[in-house]
Amino acid sequence: MAEDTPPRTRVALVTGSLAEPRLTQIAGEVADETLDPVVVNVGVKVAALMTAEIVERRLKIPDGTDRVLMPGRFRGDLDRLERFFGVPFSRGPDEMADLPDYFGQAKRAVDLSQQDVTIFAEIVDATKLDVPGILAKAKYLIGEGADVIDLGCLPDSEFPHLEAAIAALKAEGIKVSVDSFDAAELSRATRAGANYLLSLNETNLTIAEEGPAVPVLVPATQGDVESLARAIDICTAKGQAFYADPILDPIHYGFTASLLRYAEIRRRYPDIPVLMGIGNVTELTDADTTGINAVLMGIISELRLNAVLAVQVSPHCRTAVREFDRARREFFAARQAGALPQGFGHGLMALRDRKPFAASPDEVARLAAQVKDGNFRIEVTEDGIHIYNRDGHHVAADPFQLFPHLKVEQDGAHAFYLGVETARAEIAYHLGKRYAQDEPLKWGVAGETGGSAEDAHRLTFKEAGSTLSSKPRKTQE
């Protein structure tokens, strides 16, 4: 006997008269055997601008409603409305076009609190910094998502305060690794209590016996997989903990071959800890690091590698640690779900958005024809920047072509505001990013403010669907 089909969840989608036709179309698209969306027009033009009092007076909830979804920009008190109507209230996405994604993600809650890759973040100029300077930079990197601070030693540069730096970092509860080609410095580091040593090979492994530090093993000769394998076998026989690093080479200098070495080491040793240093690719390639780190994280995730060594020396790499922290979380969640790395937060979508346009040109034109007030609305579609009010609807790719139509020459404040907004819209149009009036453009994790040790591994994401910060609207009052 077939099991009873669970009842569909009835969700009331609250809207105003301007958005009702389009929302009704979208509701039909997202309805399925589990979801029954019902559009409810509360009798105002723009539902996002309603107060809780207006909702209490005007909203008529259909029978059988399980929950009510308000527009993402609605700023009223949801708890108050829940108490008044006796039904759960929540905010949807800022743009109606995102409702299909919203309901899909609601069915598959995204948990980014978990990951399985350790991030080593290198301070490449540690020998040139004093102890307070090292400590300050270390706390910044921990705030960006690092788990271990790597002190980079420079050739022919003395590091007399190495022991003091290790002690200061460990006093703050920070794990420390030391990266040096100088055997004496590595010996000093493990004796001073460093947690890891970068990098040992089969010729100098005895240094690992001088203290508690876990060695990161590399080939004695660049690209020599057999040399690395011998070092792995020596440590395994001794019961010595370690990481193995076949070394990632720069593009055009052995990059592809080095990837094959990682695959080969993982094939031979399915269960050993493996580290990948990403700086030779991120630092030495003129390309945005968000995309590079996403691809490298894909390799790491497939091969089940265990750690990365990240550096952010070049200006274009200044958010590399933060990006990799987000990448390891999104890819872990995707792998656990048996899914492609899509729809798990979009933290690495910096320059472009998967759905850059919230409306089509025809939809904007229909909406513009209904506007009866003088407030300017600005939207971006595939054919350019739209700006419209009761006095006209204008479209252009260049904001300078729009300005003569706006008649705000004598209103400096308004002209400044429209200049800022149309400039944002122009950037969004040319890059393929989502534009929303009165909001800054979203740059993914690359545009977040990080670097505070107190906020390390911060994952306090905004309420699902709503991305509008609490600030007054400027043009739709």
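Residues are numbered from 1 along each chain as its sequence is written. In this predicted model, local features need pLDDT of at least 70, side-chain atom pairs count only at pLDDT 80 or more, totals for chains, interfaces and linings use all residues, and side-chain values use heavy atoms, with hydrogens and water left out.

**Exercise 1.** Determine which residue forms a salt bridge with arginine 80, and where the two residues lie.

*Solution.* Step 1: a salt bridge is a side-chain nitrogen of Lys or Arg within 4 Å of a carboxyl oxygen of Asp or Glu. Step 2: the partner of arginine 80 is glutamate 56, with 2.8 Å between the closest N and O atoms. Step 3: arginine 80 belongs to helix 3 (residues 78-85) and glutamate 56 to helix 2 (residues 52-58), so the pair ties together parts 24 residues apart in sequence. Helices here are DSSP runs (H or I, at least four residues), numbered from the N terminus.

**Exercise 2.** State whether glutamate 56 is buried or exposed.

*Solution.* Step 1: buried means under 20% relative accessible area, exposed over 50%, and partly exposed in between (1.4 Å probe, protein chains only). Step 2: glutamate 56 has a relative accessible area of 18%, so this residue is buried. Step 3: arginine 80, at 27%, is partly exposed.

**Exercise 3.** Locate the salt bridge between aspartate 325 and arginine 328.

*Solution.* Step 1: the closest N and O atoms of this pair are 2.8 Å apart. Step 2: both residues lie in helix 12 (residues 320-336), 3 residues apart, about one turn of the helix. Step 3: aspartate 325 and arginine 328 are both buried.
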